[in-house]
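Dear colleague,

I am passing on the structure that follows, together with some notes on what turned up in it. Please keep it open beside you as you read.

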Amino acid sequence: MNRRTAFLTTLAVTTALTLTACGSEEFDVPAKGTDKVSVADQPSPSPSAPVSEGGRPVIDLPSDVTHAFDWGTTGDPLKDAVLADTAQRIKAEDLAIAEQDPLHEAYRFYSEGTVAAGSERYIQKFVDHEARTTGFTRFYDADVTVHEDGTAALVYCEDQSKAFNKFLGTGKTDVTPVTKNSYVIYAAALRKNGNGVWVTERLSSQRGSAKCRP
């Protein structure tokens, strides 16, 4: 199957993810953020990543890892900022996987709490199996609600039909067939932090969503 599988719980519970490769190299990624996370459990800083003039991490992905965020703009500056920072979080996680760094500064810039802790475990599985993502992933049909208390809710779709796992040792890419499970719906809870960044705090998903299937 494709590079991620997940099951919808509630908005308060983050994604349960399974990474599966064909043949003998199958492995599962533990649930992201299902445990309560204390300050002591938070990821420790990794070596500083390059940053832009605006202080945000530079996300320079391998040429074979591409994304399309086909959700346009809303015309509302707050909603558009939520969408922009979510796109950066998604790309930052793939950068951490590509660079084989479970504590990569880039994804932690855009996530906190159980999402950050879950991403660390998720990326570690790729490191353990010397694998990374490859291919094209499309995101679309976003619906954003921004609340007066500085939080936001975001629902969006992902098309993983052209995204796969690549094993670094062999260079093998597991090209798998397209099924209904190639399409995933996500629900995210975000908060605007003191630096003006919309960080994702909670995330849930459902694979095979009828809303996201073509």
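Does Asp 174 count as buried or exposed? Asp 174 counts as buried, because its relative accessibility is 3%, where buried means under 20% relative accessible area, exposed over 50% and partly exposed in between, with a 1.4 Å probe and protein chains only. Its salt-bridge partner is Lys 172, with the closest N and O atoms 3.5 Å apart, and Lys 172, at 39% relative accessibility, counts as partly exposed.

Before the rest, a word on the source: this is a predicted model, in which local features need pLDDT of at least 70 and side-chain atom pairs count only at pLDDT 80 or more, while totals for chains, interfaces and linings use all residues. Residues are numbered from 1 along each chain as its sequence is written, and side-chain values use heavy atoms, with hydrogens and water left out.

Salt bridges

Searching the whole structure gives 7 salt bridges, a salt bridge being a side-chain nitrogen of Lys or Arg within 4 Å of a carboxyl oxygen of Asp or Glu. One of them joins Arg 56 to Asp 85 at 2.7 Å, N to O. This pair links distant parts of the chain, since Arg 56 lies in the loop between strand 2 (16–18) and strand 3 (65–70) and Asp 85 lies in helix 1, 29 residues apart. Asp 85 is buried at 5% relative accessible area, whereas Arg 56 is partly exposed at 27%.

Another joins Lys 166 to Asp 64 at 3.9 Å, N to O; here Lys 166 is in strand 5 (residues 151–167) and Asp 64 is in the loop between strand 2 and strand 3, 102 residues apart. Lys 166 counts as partly exposed at 22% relative accessibility, and Asp 64 counts as partly exposed at 24%. Asp 64 and Lys 166 also belong, with Arg 132, to a network of salt bridges.

Helices (H or I, at least four residues) and strands (E, at least two) are DSSP runs, numbered from the N terminus. At the start of helix 1, a side-chain oxygen of Asp 76 comes to within 2.9 Å of the backbone nitrogen of Leu 78, and just after the helix Gln 100 takes a positive phi of about 55 degrees.

In strand 7 (residues 183–192) sits Ala 189, which counts as buried at 7% relative accessibility. The C-alpha atoms of Ala 189 and Ala 153 are 4.8 Å apart in space, although the two are 36 residues apart in sequence.

Conventions. A polar contact is a pair of N or O atoms within 3.5 Å; within protein, one must be able to donate a hydrogen and the other to accept it, and residues adjacent in sequence count only if both atoms are side-chain atoms.
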